[in-house]
Amino acid sequence: MLELSLNETVDIWFMDECHFQQHGSRLAAWFPWDVKDPVIKHAPTRKKIGIIGAVQAQEGKLVAREEDKFNAQSIEAFFDELYKHKVKNKIMVVIIDNARFHHARALQSWLDDHKEGFALEFLPPYSPELNHIERVWKLLRRLCTHNQYFECLDKLRQTVFEKLAEWSLPNKILTTLCAIN
């Protein structure tokens, strides 16, 4: 990976999919000493939003879009979106896991059409710690969903996409978070 990152003709992106649950996540919290029985609201639902995203580690750029399902069609649509961010005269290399739909035959036509400037590199099986976008998802959850109550799915969507919009421009937070050592 380090060797790939040192190549001047390569632009590395880390891609993956993620779900954000409406019920959020409850963690340890601080309450004033005089509050004997704190009430923490928790939405009793399994509603969620699905997001496909890719982060460019060197500059800290993030591209993300919401999808109802993760399949070959949604991945191809995301590739179209991601390809708009390709740097001229560089090869866009996307580091990706081995999800079944990442290997779908339906993607082959798109990959063949873009083989001059786009390549996929697959991570070893069961190694999510090597995919830098996982760090982005973890921070996004901590900042947006931990100890939060979302009365409806639209509130969750708004909260998450406000942060994603903030991170869509090159920024130091993602550059530091996704540093390639």
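Colleague: Why is N89 called exposed?

Modeller: Its relative accessibility is 68%, and exposed means over 50% relative accessible area, buried under 20%, and partly exposed in between, with a 1.4 Å probe and protein chains only. With 68%, N89 therefore counts as exposed. Before we go on, this is a predicted model, where local features need pLDDT of at least 70 and side-chain atom pairs count only at pLDDT 80 or more, while totals for chains, interfaces and linings use all residues. Residues are numbered from 1 along each chain as its sequence is written, and side-chain values use heavy atoms, leaving out hydrogens and water.

Colleague: What makes the backbone of N89 worth a look, and where is N89 found?

Modeller: Phi of N89 is near 65°, a positive value in a residue other than glycine. N89 is found in the loop between α2 (72-83) and β4 (91-96).

Colleague: How do you know which class C18 and C152 belong to?

Modeller: C18 has 6% relative accessibility, so C18 counts as buried. C152 has 29%, so C152 counts as partly exposed.

Colleague: What makes F79 and W110 a tilted pair?

Modeller: A search of the whole structure finds 6 aromatic pairs. One of them is F79 with W110, at 5.2 Å centre to centre and 40° between the planes. Rings of Phe, Tyr and Trp (its six-membered ring) pair if their centres lie within 6.5 Å; planes under 30 degrees apart count as stacked, over 60 as edge-to-face and the rest as tilted. An angle of 40° therefore makes the pair tilted. The pair links distant parts of the chain, with F79 in helix α2 and W110 in helix α3 (residues 108-113), 31 residues apart. Both F79 and W110 are buried.

Colleague: Why is the pair of W110 and F118 called edge-to-face?

Modeller: Their ring centres are 4.8 Å apart and their planes stand at 85°, so the pair is edge-to-face. Both W110 and F118 are buried. Ring pairs link F79, Y83, W110 and F118 into a cluster.

Colleague: What makes you say that R141 lies over the face of F20?

Modeller: R141 is at 4.9 Å from the ring centre of F20. A charge sits over a ring if NZ of Lys or CZ of Arg is within 6 Å of the ring centre and within 35 degrees of the ring normal. R141 therefore counts as lying over the face of F20.

Colleague: How do you know how the span of α4 compares with what is expected?

Modeller: The expected span is 1.5 Å times one less than the number of residues. Helix α4 (residues 133-144) has 12 residues and reaches 16 Å from its first C-alpha to its last, close to the 16 Å expected.

Colleague: Which residues of α4 are buried, and what covers them?

Modeller: They are I133, V136, W137, L139, L140 and C144. An α-helix has 3.6 residues a turn, so residues three or four places apart point the same way. The cover includes β1 (10-21), β2 (48-56), β3 (61-67), α5 (153-166) and α6 (172-177).

Colleague: What makes a nonpolar core, and which residues touch the most other members of the largest one?

Modeller: A nonpolar core is a set of buried Ala, Val, Leu, Ile, Met, Phe, Trp, Tyr and Cys residues joined through side-chain atoms within 4.5 Å. The largest has 27 residues, among which F20, V55, L62, V136, L140 and V160 touch the most other members. The elements giving two or more residues to this core are β1, β2, β4, α4 and α5, and α4 gives the most, with 6 residues. A second, separate core of 19 residues includes W13, I75, F79 and W110.

Technical notes:
Helix = DSSP H or I, 4+ residues; strand = E, 2+ residues; numbered from the N terminus. Contact = heavy atoms within 4.5 Å.
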